[in-house]
Amino acid sequence: MSKLLFVPMWLRPQSRSGQARLPAGLVLPSVLVASLLLLPLGYLVFRATGVEPHVWRDLWSPSTLRILGRSLLLVIGVNASVWLLSLPLAWLVVFSDLPGRKLWTVLVATPLVVPSYIGAYVLIAMYGPRGLLQQWLEPLGIERLPSLYGYPGALIAITLFTYPYLFLGLRSAMMSLDQSWLDAARTLGQSGWKTLGTLLLPVLRPALAAGSVLVSLYVLSDFGAVALLRYTTFTSAIYLYWQSSLDASAAALLMLVLVIFTMVLMGLEFVLRGRARIARTHAGTGRTVTTVRLGRWKYAAWLLLGGTVFMGMGNPIIVSLIWLVKGLAAGATLQPVWQAMGNSLLVSLLAAVTAVLVFAVPTAYLAERYRKLSARLPARAAYIGFGMPGIAVALSLVFFGARHAPWVYQTVYLLLLGYMVRYASLAVGPLRTQLSRINPRMEEAGRLLGFSEIRVLWRVTAPVARGGLLTGGALVFLSTMKELPVTLLLGPTGFNTLATRIWSATEEAFYARAAAPTLILLLVSALGIAAIFSGEEL
Amino acid sequence: MSGDPSDRAVGSGADVSPFAGFLSIRQVRKGFDGSSLVRIGEFDVVEGEVMALLGPSGCGKTTTLRMVAGLSPPESGSIAVAGRLLDGPGVYVPAEQRNVGMVFQDYALFPHLTVEGNIRFGLDSRSANSASRARDMMELTRLTHLADRRPAELSGGEQQRTALARSLAPNPHLLLLDEPFSSLDASLRKDLRREVRRILQATGVTTILVTHDQDEALSMCDRLALILDGEVQQVGTPRELYWSPRNENVARFIGDVNLLPGTADGSLVVDSVLGRLPVQKARTGPVQVMLRPESIQVSYPEDQASVMARVLDVEYYGHDQVLNIHLQSGEELLARRDAIQPFLPGQTVSVRPVGVFPVYEANRG
Amino acid sequence: MNGYLSQTLCGSLRGTVASRLLCGFFLFLMAGLAACTMPVSETAAPAPESQVLVVYSGRNENLVAPVIESFAAETGIKVEVRYGGTSAMAATILEEGSNSPADVFYGQDAGALGALAKAGRLQALPEDVQSLVDPAWVAADGSWIGTSLRARVLVYNTDELTVEDLPANIHDLTNEQWRGRVGWAPTNGSFQAFVTALRVLEGEEEAKAWLEGMIANDVQVYPKNTPIVAATGAGEISVGLVNHYYLLRFLAEDPEFKAANYHFAESGPGSMVNVAGAGIVDSCSNCEAAEAFVRYLLSQEAQDYFLSTTHEYPVADGQVELPSGAVPLDMVALPEIDLSDLEDLEGTLALLRAVGALE
C-alpha cells in the first residue's frame with residue numbers, strides 16, 4: 001500500500017484510481033499526433049549534432065546576442081501593440097451596439113491571411129519614403145516620408161498581420177462570459193476603464209496568454225516581413241545564413257536556440273494563464289446578448305474598426321488594384337487561378353477540420369480536465385512547430401518523408417501533416433479557453449447517463465465548446481490559406497495554391513500576375529471566415 | 001465487521017452476502033489533498049427509500065455521493081448497488097456503466113440541447129420507446145409545455161425539474177441528489193421539496209439526497225445519515241435522529257439542544273436540577289442529559305411541584321415561540337411553546353420536562 | 001465511393017445529425033482532395049516510372065514553365081516540375097537523400113548548384129553537353145552547366161541621374177556623394193558571388209575595405225534584388241547593385257518606371273556575370289530524359305526564349321537579337337574571371353559577417 005503511494009496516479013492499473021488515470025482513448029491519439037508534431041524537433045537535434053566547431057564560436061558572438069536582443073524587443077513591442085489593438089476591437093464586436101458586428105468581425109479577422117512578405121511589401125509601397133502616400137502628398141511639397149524601415153516598420157507590419165490571433169481568441173472568450181461578467185462589462189462605459197483592469201482582464205487571462213504566445217511565436221518565426229523592412233531578427237539571420245550557405249547543421253543548431261525561446265514562452269504563458277479555473281458554477285449556461293450603447297463613442301469605434309480594416313485589408317487591395325491596372329495597361333494577361341483557389345480552399349478547410357477534431361479536441365480536453373504535466377504536454381508540443389520557421393518544418397518533413405515514409409511523400413497526407421505541425425497549436429488555445437469555462441459537472445452528468453468519457457467529449461463538451469472549435473478552425477484556415485514553404489516542398493508535384501501563385505509572381509517582380517490571386521485570396525478568405533462564423537448560432 | 005476488505009474474493013457476482021442493503025458501502029476510505037478524509041465502515045440503503053446524507057460543508061458527504069456515482073473512486077473498500085459490486089479490490093465499474101442517476105447542485109444541464117433533448121440524452125435515441133419515455137418524464141415533472149426550450153430560458157425550478165427528469169429517464173437503480181435546492185430562492189424551496197418528494201414517490205426510485213440543510217433532510221427523507229468529519233455518526237429515521245441522537249455532536253447538529261448536568265446511578269433515571277429525569281440508557285456517574293426545547297413545558301406558575309424559572313428573552317416565530325429561560329439553579333434553557341400563550345421577559349414561569357431523554361457521559365475537563 | 005465511405009464511417013457514430021454531417025463533410029473534403037490530386041498519379045501510374053522526368057526548379061514558374069512545356073511537347077517526355085526557391089529546392093534534394101524523386105535540379109545561382117555538387121549530389125554531364133557552352137560557364141568537374149547569364153549592373157533612377165553622373169567602378173560608390181543613396185542585398189546569392197569575385201580579383205584586404213567603406217557610407221540594405229529595383233524606381237534610393245533583368249521586368253509591366261541599367265565603364269567585379277544552371281541529380285531514375293532536358297535548355301530555341309522573355313543573356317553560341325534596354329554582353333567590360341574560381345562562398349560569408357554586413 002505504502003509502496004503504491006509513490007507510483008504516479010496515472011500509471012496505476014485500472015482499479016482504484018479511475019478518475020485520475022488519463023483515458024487511453026484520448027491519450028493515445030493525442031500522444032501519437034503530438035509526437036508527429038515533434039518530428040521537426042527530432043530533426044533539428046539530429047542535424048545539429050553534425051555541426052562544425054566553428055559554428056559554436058560564431059554562435060556566441062556579440063552580434064548573435066545583439067540580434068537575439070532585437071528579436072526580443074520586437075516580441076515585446078508587437079505584443080504591446082497587439083494588446084492595445086485587439087482588446088478594444090474584440091470588445092466592440094462582442095459587447096457594443098455597433099451595427100454589422102458580424103461583418104466587422106470577418107473584416108477584422110481576415111488580415112491574418114495576408115502573407116507577411118506581401119504585407120510588408122504593400123506597406124512599403126504605400127507608406128515607404130517614396131510610397132503612394134508620398135506621391136499623393138507631393139503637391140504639398142512633401143518630397144520624402146520619414147523612413148519606415150527598421151523597428152517601426154517591422155512593428156507595424158507584424159502587428160497588422162498577427163493581431164487577429166489575439167482578436168479572435170479574445171472575442172471567443174468574451175462571448176463565453178457569464179451574464180454577470182457581461183453586466184460588469186456593461187458598466188465600463190459609465191465607471192471608467194478601471195473595471196476593465198479589475199474585472200475583465202483577469203477572466204480573459206487564458207485568452208490573452210494563449211494569444212500572446214501565438215503572436216510572440218509568430219514574431220520569432222517570421223523572416224519575410226522583417227527582411228523586407230530591414231530589421232534583422234534572429235530568425236531572419238538564421239534564414240539568410242542558411243540560404244546562402246545551405247549549411248543545415250549550423251542552421252539547425254541556431255534553430256534549437258529558437259526552440260528554447262519557444263519553451264520559455266510556454267512557461268510564461270503558463271504563468272500568465274493563471275491557475276484559477278473560471279468554470280460557471282451556476283445553472284445559467286446560455287448567453288443572452290447584451291449590448292453597450294456607445295453613444296458619441298461610436299465615432300471613435302468606427303475610426304478604430306475602419307482604420308484597422310483599412311490597414312489590414314485596404315492597403316493590400318489598393319496596391320493589388322494598382323498592380324492590376326498598370327499591368328493590364330502594359331499588356332499583361334491574366335491567368336486563371338480557379339484551380340489554385342480550389343486547392344487553397346480544400347487544403348485549408350481540411351487542415352482546419354483535422355487540426356480541430358483530430359488534435360485540438362482531445363489535447364485541449366486532456367490539458368483542461370487533467371491538470372497535470374503529462375496531460376498538458378501534448379497541447380504544448382504543438383507550439384514548437386508554430387515557433388519554427390516554415391522552411392525548417394518543411395525540410396524536416398522532407399527528410400522524414402523521403403527517407404522513412406516514401407509512400408506518403410509528396411502526397412496530400414504529408415502536406416496535411418506539415419500544416420498540422422505548423423498550425424495545430426492555433427486550434428488548441430481558443431478551445432482551452434472555452435473548456436475552462438465549461439462546467440465539468442456537465443460532463444459527469446453525461447457519463448452518468450451512460451456515455452463513456454470519450455463519447456461525452458464528442459456529444460456534450462465539443463458541441464458546447466463550439467465557439468472555441470470554430471475560432472480555432474478559423475485561425476488554422478486563415479493560416480493555411482497563406483502557407484508557403486510547406487506547400488511548396490511537401491505538396492504533390494504540380495500542386496499550387498493562391499499563396500504559391502502570389503509568391504511565384506512577386507518573387508520575380510511579375511506584380512500584375514500577383515494582383516488577381518492576392519485579391520481572390522482576401523475575398524475567399526473573408527467568405528470562408530464568414531461561413532465558419534455563421535456556424536456560431538445554435 | 002468483515003475485516004480487511006482485500007481478503008474478499010474479487011468481483012464475483014455471487015459475492016453479495018456481505019451487502020445487506022440495496023446500496024452497500026463497506027470500509028471505504030478516500031483522502032483528498034491529504035487533508036479531508038472520508039471513512040465509512042458500513043452503510044446501507046434499503047431499496048425504495050429516500051436516504052439523506054446530512055452534514056456541514058466539507059464533511060465528505062458530496063465525496064461519498066461521487067464515490068457511489070463512480071466519478072471519484074474510493075482508494076479502498078467496496079461499494080455495491082443492487083447486488084452488483086461496483087468498487088472493490090480490482091474492481092472499478094466506470095460511472096457510465098453503473099446505471100446511477102445524479103442531479104447536480106448546479107444541475108449541469110446541456111445548454112446546447114432543449115429540455116426534451118436533455119431528457120432524451122441518456123435514452124437510446126434510436127429506439128421508439130425513447131420518445132414516449134421522454135414524454136412520460138416531462139409529464140411527471142410538468143415540463144411538457146417547455147419541451148422545446150433551452151436551459152437558458154428556464155427558471156431555476158424548471159431547470160431543477162429538467163435535471164431530475166433527465167436523470168430519471170434511463171430508469172436508474174439509484175438516484176443521487178447533490179444539494180438540489182441550494183441554488184434556489186428560499187421562498188421556492190418548500191414547494192419544490194414537496195414537488196420532488198411527489199416525483200420520487202411516483203417513481204419509487206431508491207434515492208440518496210445530500211444536503212447541509214436539516215429541514216430539507218428531515219422533511220424529505222425516510223431515513224438519514226449524519227456525517228461529521230468524514231465519518232457516518234448515526235443512521236436512522238428523522239424521528240430517531242432527533243429524539244435519540246447517539247452523541248452530543250449529532251444532537252447539536254440537528255435542532256436546538258439543552259444539556260443538563262446530572263448524576264446517574266446505573267438505573268434509567270438521572271438526578272438533575274429539573275428533578276429526576278427518565279433517560280434512554282443506564283449510566284453511572286456524572287452525565288449530561290439532552291433535552292430538546294420541545295420537551296420542556298413552560299407555563300404560568302401554578303403548579304407548585306414544578307421548577308420555577310425566569311424568562312430572559314422571547315423569540316416569536318408565528319407558528320411557535322422559543323423562550324430563553326433562567327433556572328433558579330443558574331442554568332439557562334431553551335423551551336419551545338405554541339404561539340398562543342403570550343410570555344414576556346422577566347416573567348416567572350414554571351418548567352416541566354416531558355419525555356425520556358438521551359444521556360451522555362459528562363465531558364471531562 | 002464517397003457516399004459509401006461516409007455511410008460506413010460516419011454511420012457508426014451514434015450521435016447527433018450535426019456530428020454526422022460534420023464527419024461526412026470531412027470525408028467529402030478528403031475525397032475531393034484525393035480526386036483533385038489524383039490525375040497526376042493516375043496518369044503517372046500506367047506509364048513506367050522512368051518515363052516521367054522530375055525537375056526541381058529553383059527558377060520561377062513564370063519564367064521557365066514555357067520552356068519546360070515546349071520540351072515536353074517536342075520530346076513527348078512527361079515532365080513534373082516542383083517549383084520553389086533555389087536554396088529550398090537544393091536543400092530538399094540534400095534532405096531527401098538517395099530517395100529523391102528529382103532527376104534534374106535547375107537553379108538560378110551558382111552557389112546552390114555548387115552546394116549540391118560539393119555534396120556529391122550531381123553527376124557529371126557528358127562531354128558533348130559540356131562542349132556546347134563556353135567552359136567559363138561549366139563547373140570544373142562538369143557536374144553542372146550554365147544555361148543562361150545574368151549580368152551585375154548598377155540600376156539608377158532616371159529622374160535624378162543621367163549616365164554621366166554614374167561612377168566608373170564600384171569603388172566610387174564609397175564616395176561622400178553617394179552617402180545613403182546606394183542599395184545592396186548582401187544576403188542575395190548573386191551579390192555574394194560578386195563579393196567572391198571582388199575577393200578573387202582584388203584581394204581580401206581590398207574587398208574588406210570596400211565593404212566597410214560602403215557600410216560607412218550608409219548603404220541601404222534590402223533582402224533581395226526586386227525591392228532594390230522598386231526602391232530605385234520610386235526614388236527612395238538613387239542607385240542599386242543588382243542583376244540586370246529585374247529592371248526589364250518592371251519596365252515590361254510599367255513602361256513609365258523611372259529606372260535604367262548601367263554597366264560600369266571600367267572592367268571589374270561590378271560587371272561580373274552569374275549563371276542560372278542545371279545539373280543531373282546522382283539518384284536520378286530517368287537519367288536519359290534528364291540529359292535530354294539539359295541539352296534542350298542549351299538549344300537555340302530555349303536560348304532565344306531566355307533572351308526574349310526572361311531577359312537573360314544566352315550562354316550557347318548563336319546569333320540573337322537583343323531586346324531594347326539590354327546591352328550586348330560583348331560590349332560590357334567583363335572581368336577576367338572563371339566561375340569555378342568563385343567556389344569559396346564560405347570565405348565570402350565569413351567576410352560579410354566580419355564586417356557586419358549580414359546583421
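Start by selecting helix 5 of chain A, residues 101–109, where A:W104, A:T105, A:V106, A:L107, A:V108 and A:A109 are buried. Buried here requires 20 or more other C-beta atoms within 10 Å of a residue's own, while 12 or fewer makes a residue exposed and anything in between partly exposed, with C-beta atoms placed from the backbone. Helices are DSSP runs of H or I with at least four residues, strands are E runs of at least two, and both are numbered from the N terminus.

You are looking at a predicted model, in which local features need pLDDT of at least 70 and side-chain atom pairs count only at pLDDT 80 or more, while totals for chains, interfaces and linings use all residues. Residues are numbered from 1 along each chain as its sequence is written, and chains are lettered from A and ligands numbered from 1 in the order in which they are written.

Now bring up what covers the buried residues of helix 5: the cover includes helix 4 (62–95), helix 8 (151–175), helix 16 (297–329), helix 23 (466–482) and helix 26 (511–534) of chain A.

Next, show chain A as a whole. It has 26 helices and 0 strands, and buried residues account for 59% of its 538 residues. Two residues are in contact if their C-beta atoms, placed from the backbone, lie within 7 Å. Of the chain A contacts between residues at least 6 apart in sequence, 83% join residues at least 24 apart.

Then pick helix 14 (residues 234–245) and helix 15 (residues 248–273) of chain A, which pack at an angle of about 170 degrees with axes 10 Å apart. Axes are lines fitted to C-alpha atoms, for helices over the stretch in contact, and angles run from 0 to 180 degrees between N-to-C directions. The pair is therefore roughly antiparallel, a label for angles over 145 degrees. From helix 14, A:F234, A:T235, A:I238, A:Y241 and A:W242 meet A:A250, A:A251, A:L254, A:M255 and A:L258 of helix 15. These contact residues divide into 9 nonpolar, 1 polar and no charged. Nonpolar covers Ala, Val, Leu, Ile, Met, Phe, Trp, Tyr, Cys and Pro; charged covers Asp, Glu, Lys and Arg; the others, Gly among them, are polar.

Turn to the contact between chains A and C, with 54 residues from chain A and 58 residues from chain C. On the chain A side, helix 17 (residues 338–369) gives the largest share, 7 residues.

Finish at B:T263 in strand 12 (residues 258–265) of chain B. B:T263 touches B:V270, B:D271 and B:P286, not counting residues up to four places away in sequence. With 13 C-beta neighbours inside 10 Å, B:T263 counts as partly exposed.

How values were computed. Angles under 35 degrees count as roughly parallel, over 145 as roughly antiparallel, 65 to 115 as roughly perpendicular and the rest as oblique.
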